[in-house]
Each structure stands twice: as structure tokens, then as C-alpha cells.
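Colleague: Please take me through a few places in this structure, with the cut-offs behind each term.

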Amino acid sequence: MNITIILCTYNRCESLAKALTSAAALRVPESIEWEVLVVDNNSRDQTREVVEEFVDRYPGRFRYLSEPQPGKSYALNSGIREAQGTVLAFMDDDVTVEPCWLTNLTATLHSGEWAGAGGRILPGNNFSPPRWLSLTAPRARYALAPLALFDLGEQPGQLTEPPFGTNMAFRKEMFEKHGGFRTDLGPRPGSEIRNEDTEFGARLLAQGKRLRYEPSAVVYHAVSEDRVQKKYYLDWWFDKGRADIRQFGVPHNAWSILGIPLYLFRRVAVWTLRWMATFDPPRRFQNKLTVWAKAGEIVECYRRSPAEMKARNVQS
């Protein structure tokens, strides 16, 4: 087996069926053996029935795997352990892929030159951003990241930032050498803290591994109406701030109060002033998102502070 596509899913049987239909239509050279491994992370809908239908319809192409431990990172790591491919590609249950996606994404990974690759993630419908959201502003990542969109243009080359989890691939040996996805990151019931995908890519980049950007590997991520709401963005960036503290920590020599670095309070104050003093709707909202992200960092620092840990021990 040359390639395993790992697709983790949770209670999205309808969009999952569309994702698997697009995967079934992939055009891959006959010399390449490949499979789709669907990891069901405790779904309570008709997920298993949907997957088994594809298993029956395409013998040897699709496999079903159940991972009972709640949390996407547990599902991802379970898929990695069970994957038969030497190259592992990742897609989500709410995307569709172009027929040449897998071939283009993994073409350079069968040698030792590249450790991994990432492709373009484009909106899957006639998406039109509201007036308070700009996809082209200098700080467009504030708009793109919560929609899981990733587009660095049409020129291939070396990545200096990690790709997103719904369109990335790595040689399996990278996980064997550098570990799997961190289980303190990644969405799970009751928590939308993420970063599990970008943390792994950042880990490889920090080790000097080369990751390739392949713009011809395209997936389409449908932008649901509930995602284009200010509350969703504010919640997403608050959780992103918390995830960043889990991933990067804080400087050991930073002055702090109750475990919260003083520079975070300063940054919240500065960005609050910028938010209140800006009248252009997209830039104003981007400044507000920065405030929410820094607030998330403060909350995570407090939750991890020695004072709180001592209080928890006393209560227990």
C-alpha cells in the first residue's frame, strides 16, 4: 500500500457521504495502491452505515475504523496506527476533493526530499463574505482561518508555515520519528480548542523538515451559514488563544500575576484601543478578534497557573 487517506468523522453522515463520493472519484495512477480509512469518533448518527455502503460498493478501497476515545486527535492517531500506506493524506468529512487531488498532493512524497505537503483549501459554494469580514486585508488570516481556508497562490514551492489538516499529507515515518498529534489539542465534545494539525506541521518545520506547497491539490470546504457569524469568529479566536498557550507556552522569565504574563494585559489594552478607534468595519472586527484571542491566552494561563492547580488539589 502506497497511500492511505485518513478521514476522521463525528456525527456528519450527510456531508461525509459527499466527501466519500468525491474520494471514490479520485484519479490515481494504476501503479499506486491507495485506500481510504474512515475513523468514526463515536458518532451517534448513520455514519457507520454510510461508510459500510462505500466499503461494499468499492471492495478494498474503503475501510471503517471505530475510535471510542472522544477527541479528533485520538481519532487521527488511531488512523495513523492502522494505516497501511507509507504516505498518509488527510481530509475532513465536510470537504470535497478534485479528482487529481491525491495524486498532486502526494507526488513529491514518495522520495525522501519532502517530509510533507499541503494544498489549497477553497470555499466550496458561492461564498460572499459579509461587510465586516475581509478576505484580502493585510490581516486576512483572521478571516480565513476560522473558515479553514488555505490559499497561498498558484505557485508551488516550499512552505514556511504548516498546512491545514483537511488538505495535507506526510510520509508515515514522520509520525514514527516525531510522534503523533497532541491529544491536549484538537476539537472534542465540549471543547473547540484546535491547533492539532498546525502544531504537528510546525513541529516538523522546527526540526528542519521540508514541507511543500502544492496549489494544484485542491479541496473545497463548504462555508456553512453558522460559521459566517460574529459569535462564531469570536469564539474561534478565543479558543485559538487558548490553544496557542498550550502549544507554545509563555516565556519563563516573563513577569506575571497569578501565572498570567503582564505583557498579555498590555496587549489586550493596546488592541482594545485600536478596536475602539477603528471605524472601517473589517479592520475594526479584526482588532476585536485580536482582543478575544489575547483574552483566551489570559484564561489559559490562569487555568494553568500554580495558584489554580493548588486550589484544585485542595478541593479534591
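Colleague: Is Gln247 buried or exposed?
Modeller: The model is predicted: local features need pLDDT of at least 70, side-chain atom pairs count only at pLDDT 80 or more, and totals for chains, interfaces and linings use all residues. Residues are numbered from 1 along each chain as its sequence is written, and side-chain values use heavy atoms, with hydrogens and water left out. Buried means under 20% relative accessible area, exposed over 50%, and partly exposed in between, with a 1.4 Å probe and protein chains only. Gln247 has a relative accessible area of 15%, so the residue is buried.

Colleague: With which side chain does the side chain of Gln247 make a polar contact?
Modeller: Gln247 sits in helix H8, residues 230-248; helices (H or I, at least four residues) and strands (E, at least two) are DSSP runs, numbered from the N terminus. Not counting residues up to four places away in sequence, Gln247 touches Arg182, Asn195, Glu199 and Ala202, where contact means heavy atoms within 4.5 Å. A polar contact is a pair of N or O atoms within 3.5 Å; within protein, one must be able to donate a hydrogen and the other to accept it, and residues adjacent in sequence count only if both atoms are side-chain atoms. At 2.8 Å, the partner is the side chain of Asn195.

Colleague: Which residues do salt bridges that share partners join into one network?
Modeller: Glu300 also forms a salt bridge with Arg304, with the closest N and O atoms 2.7 Å apart. Arg304 counts as partly exposed, at 44% relative accessibility. The network joins Arg242, Arg246, Glu300 and Arg304.

Colleague: How are Glu297 and Lys294 separated in helix H10?
Modeller: Glu297 and Lys294 form a salt bridge, their closest N and O atoms being 3.2 Å apart. Glu297 is buried at 9% relative accessibility, and Lys294 is buried at 15%. The two are 3 residues apart in H10, so their separation is about one helical turn.

Colleague: Which element gives the largest share of the lining of the second largest pocket?
Modeller: A pocket, on a 1 Å grid over the protein atoms alone, is an open set of points where a 1.4 Å probe fits, with protein on both sides within 12 Å along at least five of seven lines; lining residues have an atom within 4 Å of a point. The second largest pocket has a volume of about 250 Å³, a volume being the space filled by probe spheres set on points joined across faces, edges and corners. Helix H1 (13-24) and strand S5 (95-97) are the elements that give two or more residues to its lining. The largest share, 3 residues, comes from H1.

Colleague: How many residues of helix H3 are buried?
Modeller: Strand S1 (3-9) and helix H7 (196-206) are among the elements that cover the buried residues of H3. Those buried residues include Lys72, Leu76 and Ile80. Helix H3 (residues 72-82) is mostly covered, and its buried residues number 8 of 11.

Definitions and conventions
A salt bridge is a side-chain nitrogen of Lys or Arg within 4 Å of a carboxyl oxygen of Asp or Glu.
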